[in-house]
Amino acid sequence: MAALVDDLFELSRINAGALRLSLAAVSLGDVVSDVVASASPVAAAGGVTLAAAETGWPTVLGSEPELSRVVANLLRNAIRHTPPDGTVTLSGGRDGTDGWVAVTDACGGIPEADLPRVFDVAFRGASARTPSDVDSASGAGGGLGLAIVKGLVEAHRGSVSVNNVGGGCAFVVRLPTA
């Protein structure tokens, strides 16, 4: 319940324009390393392997707490939707003036018709209509995590997208480099 209240508070700050970011140079590699370390026990309990690139991470202009939340939300979703013995991969790099981080899972993909809606508040795909035992056991949220990701990324003057890729999907966050 506390996590849901926290999500609602964060979303209300984003939507009300009350989110104030303290921007600085942030290493995406450090953010990813910290988030992976905190999510590793959850992944291991679900039989999911986490694989993060060790090099190539850019430094972006951002607010570390909010960027950590972005990566954590994406990683938790990827772990939740990846079957046991699957792998979630985190990678990053730089394209021109943008740095990027990608979280790729083995969820089986998202129906094409649903892709434009995944960042909508309360959208949870099929789970929103018929919660599964897996969703209940994993503490699946109220469909706010990806809306928060989008709001936080856009507050950083970045973008987030999702595409289906071989057996799963890839969420890619692009941010201005420092």
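## Basis

Residues are numbered from 1 along each chain as its sequence is written, and side-chain values use heavy atoms, with hydrogens and water left out. Because the model is predicted, local features need pLDDT of at least 70 and side-chain atom pairs count only at pLDDT 80 or more, while totals for chains, interfaces and linings use all residues.

## Helices H2 and H3

Helix H2 covers residues 28–45 and helix H3 residues 64–81; helices are DSSP runs (H or I, at least four residues) and strands are runs of E (at least two), numbered from the N terminus. The two helices pack at an angle of about 35 degrees, and their axes are 9 Å apart. Axes are lines fitted to C-alpha atoms, for helices over the stretch in contact, and angles run from 0 to 180 degrees between N-to-C directions. H2 passes H3 in a right-handed crossing (the near helix is turned clockwise from the far one by less than a right angle).

On the H2 side, the contact (heavy atoms within 4.5 Å) includes Val31, Val32, Asp34 and Val35. Their partners in H3 include Glu64, Leu67, Ser68 and Val71. The residues of this contact divide into 12 nonpolar, one polar and two charged. Here Ala, Val, Leu, Ile, Met, Phe, Trp, Tyr, Cys and Pro count as nonpolar, Asp, Glu, Lys and Arg as charged, and the others, Gly among them, as polar.

## The cavity

A search of the whole structure finds one cavity of 30 Å³ or more. A cavity is a set of points on a 1 Å grid over the protein atoms alone where a 1.4 Å probe fits but cannot get out; lining residues have an atom within 4 Å of a point. Grid points are joined across faces, edges and corners, and a volume is the space filled by probe spheres set on the points.

The lining consists of Leu28, Leu67, Val70, Val71, Val101, Val173 and Leu175, with seven nonpolar, no polar and no charged residues. H3 gives the most, with three residues, and strand E7 (168–176) supplies at least two.

Helix H6 (residues 145–155) is mostly covered, with eight of its 11 residues buried (under 20% relative accessible area, 1.4 Å probe, protein chains only; exposed is over 50%, partly exposed in between). Among the buried residues are Leu146, Ile148 and Leu152. Arginine 157 follows H6 and has a positive phi, near 65 degrees.

Serine 159 lies in strand E6 (residues 159–165). Serine 159 counts as partly exposed because its relative accessibility is 37%. Leaving aside neighbours within four places in sequence, serine 159 is in contact with Val153, Val172, Val173 and Arg174.

Definitions and conventions. 1 Å grid on protein atoms, 1.4 Å probe; cavity = no way out; pocket = protein on both sides within 12 Å on 5 of 7 lines; lining within 4 Å.
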